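Dear colleague,

I am handing over a structure for you to look through, and my notes on it follow. Please open it beside this message as you read.

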Amino acid sequence: VGEVIWSPRQSAWVANLAPDGREGVFLALLSLKTLVTALPSTMLNGWLNMHFQPNCESCRDTIGHFCSESLNISAGDAQSLGVNTAVPMHACRAEESGHLCVGGDFSPRLVTPLDSSSFLQCPSTCVECPGWESHASEMWFIVLICSISSPLMVSLSLRFLRGEDDKATSACRIE
């Protein structure tokens with residue numbers, strides 16, 4: 001919806017910036033921006049998510065479903081899954097796939113003894129996953145800086161794009 005509302009206004013704004021007869025150059029540069037920034041912006045998006053909002057793999061099954069359902073398992077079942085115990089356990093499993101989230105790469109806090117006084121909370125989001133950390137404010141600060149850079153670059157290059165001469169460029173020109 002935002003693209004439908006913004007795109008015509010952006011094109012009109014760019015055309016109004018252009019001097020008479022140079023509207024095509026300005027509109028071509030507007031389209032070039034989308035072509036040139038598509039791959040780098042996708043890569044930046046992936047890098048930002050990987051470093052500042054990482055996936056919480058220790059609270060998800062191999063398919064990616066959260067280990068959000070609590071259930072009781074016997075000591076024998078827990079041992080067969082790699083948990084060294086002699087007592088029955090509370091464990092988490094992925095409701096959608098039915099996979100138990102026990103042992104291996106899963107968070108050890110997703111399993112507690114059945115007789116434990118502590119309550120097992122199975123996570124349904126990364127925020128609830130034990131040990132998961134996010135740095136969202138730092139990520140959004142980087143996004144803000146990137147967003148501010150575009151109008152700044154337009155302002156700095158506007159004189160060149162309009163074809164206006166200034167004293168510095170005319171003095172260096174060889175005739």
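The bend at a residue is the angle between two axes, one fitted to the seven residues ending there and the other to the seven starting there. Helices (H or I, at least four residues) and strands (E, at least two) are DSSP runs numbered from the N terminus. Please keep in mind that this is a predicted model, in which local features need pLDDT of at least 70 and side-chain atom pairs count only at pLDDT 80 or more, while totals for chains, interfaces and linings use all residues. Residues are numbered from 1 along each chain as its sequence is written, and side-chain values use heavy atoms, with hydrogens and water left out.

Helix α2 (residues 23-52) bends by about 45 degrees at Thr37, and a proline, Pro40, follows within four residues. In α2, Phe26, Leu30, Leu48 and Phe52 are buried, where buried means under 20% relative accessible area, exposed over 50% and partly exposed in between, with a 1.4 Å probe and protein chains only.

One salt bridge was counted, a salt bridge being a side-chain nitrogen of Lys or Arg within 4 Å of a carboxyl oxygen of Asp or Glu. Glu69 forms it with Arg93, their closest N and O atoms being 2.9 Å apart. This pair links distant parts of the chain, since Glu69 lies in strand β1 (residues 69-73) and Arg93 in strand β2 (residues 89-93), 24 residues apart. Glu69 is partly exposed, at 22% relative accessibility, and Arg93 is also partly exposed, at 27%.
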